[in-house]
Amino acid sequence: KLEVVDITKSTVTLAWEKPQHDGGSRLTGYVIEASRLGTDRWMKVVTLKPTVFEHTIISLNEGEQYLFRVRAQNQKGVSEPREIVTAVTVQEQKVLPTIDLAGIPQKTIHVHTGKPIELAIPISGRPPPAVSWFFAGSKLKESERVKIETVAKLTKLTIRETTIRDTGTYTLELKNTTGTVLETIKVIILDKPGPPTGPIKVVDIDSTFVTVSWEPPEMDGGAALSGYVVEQRDAHRPG
């Protein structure tokens, strides 16, 4: 079996399997040959070790079509070729970007306050996509605290010295000539809750009591609220 596993504007990557029979002699390698479509001339590209089952052929002419074949080789000679049936056009492939969140169950992570947020996400796409990270709708920019790294098929967002204010939805955007894809990840910083949402309202006053009301905090610190503490002081005494 011989197959094409990748194509760019100047390369073709082939993969194959070990033959079922070695002809009674240990394999010594594989020979890859190439031919331009429309010609009968086959040229040897490379001879590889018997442990190699994938190879990238470089310096091909963009837009041209090629046929490829591979032969197994032992001390007695070379086998009949295994050939690609359909000619391969050398051109940059166009593939919609993808984001792999399989490593983040339910698209949610929990981080203790002060510890870094580290989101390392496998990505793909052809041409290689432009990568952008967003938090609460705003595009993240690198700083002493925020670092964004994208290498080959991985993008990584790191945010150090986290506080409860880093709790929220983070969006990863990939964009290339074929389109744009988005994925969101919920980050919960584990900390004490934020303050109740104000202002505090006085809803009733009597000679012996005052009734006040407030709204829950915007951030609960990653756990259900267990209650509120209400404090008072004499307005005419320093706090």
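I200, V202, I205, V210 and V212 make a nonpolar surface patch of about 480 Å². Such patches consist of residues with over 30% relative accessible area and no salt bridge, where nonpolar side chains (Val, Leu, Ile, Met, Phe, Trp, Tyr) are joined within 5 Å and like charges within 9 Å. The areas come from the Shrake-Rupley method with a 1.4 Å probe, and for residues only the protein chains shown count as cover. Strands here are DSSP runs of E of at least two residues, numbered from the N terminus. V212, which is placed in strand β20, has a relative accessible area of 31% and is therefore partly exposed; buried means under 20%, exposed over 50%, and partly exposed in between (1.4 Å probe, protein chains only).

The model is predicted, so local features need pLDDT of at least 70 and side-chain atom pairs count only at pLDDT 80 or more, whereas totals for chains, interfaces and linings use all residues. Residues are numbered from 1 along each chain as its sequence is written, and side-chain values use heavy atoms, with hydrogens and water left out.

The domain assignment divides the chain into domain 1 (2-90), domain 2 (95-190) and domain 3 (195-222); these bounds come from an automatic or database assignment. The centres of domain 2 and domain 3, taken over C-alpha atoms, are separated by 36 Å. D191 is placed in the loop between β18 (179-190) and β19 (197-205). Its relative accessible area is 30%, which means that D191 is partly exposed. Leaving aside neighbours within four places in sequence, D191 is in contact (heavy atoms within 4.5 Å) with T113, I164, D220 and G221. From D191 to L2 the C-alpha distance is 56 Å, across 189 residues of sequence.

The interior can be described through its nonpolar cores, each a set of buried Ala, Val, Leu, Ile, Met, Phe, Trp, Tyr and Cys residues joined through side-chain atoms within 4.5 Å. The largest nonpolar core has 22 residues, and those with the most contacts inside it are I117, L119, I121, W133, L157 and Y170. Two or more residues of this core come from each of β11 (108-112), β12 (117-126), β13 (130-135), β16 (154-159), β17 (168-176) and β18. Another core, of 20 residues, lies apart from it and includes W16, Y30, Y66 and V88.

L119 is in contact with I104, I109, W133, T155, K156, L157 and I185, with neighbours within four places in sequence left aside. T158 is found in strand β16, and its relative accessible area of 13% is why T158 counts as buried. Not counting residues up to four places away in sequence, T158 touches I117, E118, R145, V146 and K147.

Charged pairs form a further set of links. Side chains of opposite charge can pair when their charged atoms come close. A salt bridge is defined as a side-chain nitrogen of Lys or Arg within 4 Å of a carboxyl oxygen of Asp or Glu, and by this rule the count comes to 8 salt bridges.

One of them joins the side chains of E33 and R71, at 3.3 Å from N to O. E33 lies in strand β3 (residues 27-36) and R71 in strand β6 (residues 65-74), so this pair ties together parts that are 38 residues apart in sequence. Both partners count as buried, E33 because its relative accessibility is 13% and R71 because its relative accessibility is 16%.

A salt bridge also forms between R126 and E92, whose closest N and O atoms are 3.0 Å apart. Since R126 lies in strand β12 and E92 in the loop between β9 (88-89) and β10 (95-99), the pair ties together parts that are 34 residues apart in sequence. R126 counts as buried at 18% relative accessibility, whereas E92 is partly exposed at 31%. D6, E92 and R126 are linked in a network of salt bridges.

K107 and E183 meet through their side chains in another salt bridge, at 2.9 Å from N to O. This pair links distant parts of the chain, 76 residues apart, with K107 in the loop between β10 and β11 and E183 in strand β18. K107 counts as partly exposed at 38% relative accessibility, and E183 counts as partly exposed at 23%.

Note on methods
Helices (H or I, at least four residues) and strands (E, at least two) are DSSP runs, numbered from the N terminus.
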